[in-house]
Amino acid sequence: METLSYEKIIDAPKQKVWDVLWGENTYSEWTQFFSPGSQMKSDWKVNGKTYFVNQEGAGMVSTIDSLEQPDQIIFKHLGMVDENGVEDTESMEVKQWSGCFEKYILIDYDGRTKLHVEVQTEKNWEEHMNDGFTKGLEVVKNLAEFK
């Protein structure tokens with residue numbers, strides 16, 4: 001398992017950056033590089049359910065491991081969900097990466113925000129993650145600074 005990290009300095013307060021990251025109207029804009037039409041559906045509860053899905057409704061089922069809005073959120077990925085809403089948290093394929101974390105940490109930085117992201121992923125997903133986060137966090141920056 002690889003741990004990848006990304007940082008972006010954004011000329012906006014933490015709350016605005018948080019709202020861009022997780023806002024219903026902005027989430028799909030910055031995550032389009034992972035999968036066009038991406039959506040996040042969450043109960044926003046620690047140990048609750050969060051779904052990261054594509055336009056067809058297929059994707060990952062996760063939980064929030066830690067939440068301190070607007071300072072940090074840590075997701076723990078549990079498995080996959082198909083377009084019919086059927087969850088797989090038990091197959092051998094899923095068990096190889098289940099428990100991986102995805103962390104978003106927002107830090108006050110002289111009136112701006114330093115957004116630090118860490119994601120654990122398998123080696124064969126590294127290029128996809130690098131591309132998605134490099135392009136996606138630039139969109140977060142633009143949306144937070146200019147909206």
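K103 lies over the face of F101, 6.0 Å from the ring centre (a charge counts as over a ring if NZ of Lys or CZ of Arg is within 6 Å of the ring centre and within 35 degrees of the ring normal). This is a predicted model, where local features need pLDDT of at least 70 and side-chain atom pairs count only at pLDDT 80 or more, while totals for chains, interfaces and linings use all residues. Residues are numbered from 1 along each chain as its sequence is written, and side-chain values use heavy atoms, with hydrogens and water left out.

**Aromatic contacts**
- There are 15 aromatic pairs, counting Phe, Tyr and Trp rings (six-membered ring for Trp) with centres within 6.5 Å; planes under 30 degrees apart are stacked, over 60 edge-to-face, and the rest tilted.
- W22 and W44 sit edge-to-face, because their ring centres are 6.3 Å apart and their planes are at 70°.
- W22 belongs to helix α1 (residues 14–22) and W44 to the loop between β2 and β3, so this pair ties together parts 22 residues apart in sequence.
- W22 also pairs edge-to-face with Y104, with centres 4.9 Å apart and planes at 85°.
- That pair links helix α1 to strand β7 (residues 101–109), 82 residues apart; helices (H or I, at least four residues) and strands (E, at least two) are DSSP runs, numbered from the N terminus.
- Both W22 and Y104 are buried (under 20% relative accessible area, with exposed over 50% and partly exposed in between; 1.4 Å probe, protein chains only).

- W44 has a positive phi of about 55° despite not being a glycine, and is partly exposed at 31%.
- N47, found in the loop between β2 and β3, also isn't a glycine but has a positive phi of about 70°.
- The Q69 to P70 peptide bond is cis, with omega near -5°.
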